[in-house]
Amino acid sequence: MRDGAELVPGFGASCAPEHGDTTNLGGHISSETRINDRIRVPEVRLVGPAGEQVGIVRIEDALRLAEEADLDLVEVAPQARPPVCKLMDYGKFKYESAQKARESRRNQQLTVIKEQKLRPKIDSHDYETKKRNVVRFLEHGHKVKVTIMFRGREQSRPELGYRLLQRLAEDVVDLGVVESNPKQDGRNMIMVLAPHKHIKPRPRGPLPADDSGESGDVAGDDTQQA
């Protein structure tokens, strides 16, 4: 409802259209926007409550129209010449914006990093098992840390681990991309795979156990990043 003398969060300078362009109005509210009687300019470019262009009007007329419609006059583009103002129920707008922000935070997914460990001379059966696990992790939208563990004389043959990681990356190329290229880390060689952004994660549910010592279920994810 109309409230005459409050400095309230609103549209900032970054939203100002150039040369009178008012085609992109009505989104974000900044911290310095003026409403109603706080708008002290002789005239404004007025946008109606449904986004319709009213045109350039005197500030007195814009305030009168807001009063008659029982709405607020909100300065949405203060840097425009003249400033752009919109008729809206500002209290309702703030409430709905806060609700959307809370919903967005609630729906924000955490990035989960699963792990699979392989030996450089892994047999074909074990390799296929590990590959299936990597595929399922990627399908569920998780990143996968793939670790090649070298022992004894294997440490003198890092190319074996590198070729194995390359093979795995090529086998799952339809589901994931190499986010971190293979690199030596002590006795291990590590590569990180990330799911393609266009792939919609499968519904959450039981997953195969990863090799970090944690359960593969959602409750047992080993690493999470905001």
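Author: Asn36 sits in the segment before strand 1 (43-47). The model is a predicted one.

Reader: Why is Asn36 called buried?

Author: The relative accessible area of Asn36 is 0%. Buried means under 20%, so Asn36 is buried.

Reader: How do you know whether Asp70 counts as buried, partly exposed or exposed?

Author: Asp70 has 40% relative accessibility. The cut-offs are under 20% for buried and over 50% for exposed, with partly exposed in between. Asp70 therefore counts as partly exposed.

Reader: What is the omega of the peptide bond from Arg81 to Pro82, and is that bond cis or trans?

Author: Omega is near -5°, and the bond is cis. Pro82 belongs to the loop between strand 3 (72-77) and strand 4 (84-88).

Reader: What makes helix 3 oblique to helix 4?

Author: Helix 3 (residues 124-139) packs against helix 4 (residues 158-171) at an angle of about 50°, and their axes are 11 Å apart. That angle makes helix 3 oblique to helix 4, because roughly parallel needs an angle under 35 degrees and roughly perpendicular one of 65 to 115. The crossing of helix 3 past helix 4 is right-handed.

Reader: Which residues meet where helix 3 and helix 4 are in contact?

Author: From helix 3 come Tyr127, Glu128, Lys131 and Val134, and from helix 4 come Leu164, Arg167, Leu168 and Asp171. By class, the residues of this contact are 4 nonpolar, no polar and 4 charged.

Reader: Why is Glu139 called buried?

Author: Glu139 is found in helix 3. Its relative accessible area is 16%, and the cut-off for buried is under 20%, so Glu139 is buried. Glu139 and His196 are 57 residues apart in sequence, while their C-alpha atoms are 9.3 Å apart in space.

Reader: What share of the contacts in the protein joins residues at least 24 apart?

Author: That share is 62%, taken among contacts between residues at least 6 apart in sequence.

Reader: How many helices and strands does the protein have, and what share of its residues is buried?

Author: The protein has 4 helices and 9 strands, running β-β-α-β-β-α-β-α-β-α-β-β-β from the N terminus. Of its 226 residues, 38% are buried.

Notes. Residues are numbered from 1 along each chain as its sequence is written. This is a predicted model: local features need pLDDT of at least 70, side-chain atom pairs count only at pLDDT 80 or more; totals for chains, interfaces and linings use all residues. Side-chain values use heavy atoms; hydrogens and water are left out. Helices (H or I, at least four residues) and strands (E, at least two) are DSSP runs, numbered from the N terminus. Buried means under 20% relative accessible area, exposed over 50%, partly exposed in between (1.4 Å probe, protein chains only). Contact means heavy atoms within 4.5 Å. Axes are lines fitted to C-alpha atoms, for helices over the stretch in contact, and angles run from 0 to 180 degrees between N-to-C directions. Angles under 35 degrees count as roughly parallel, over 145 as roughly antiparallel, 65 to 115 as roughly perpendicular and the rest as oblique. A crossing is left-handed if the near helix is turned anticlockwise from the far one by less than a right angle, and right-handed if clockwise. Ala, Val, Leu, Ile, Met, Phe, Trp, Tyr, Cys and Pro count as nonpolar, Asp, Glu, Lys and Arg as charged, and the others, Gly among them, as polar.
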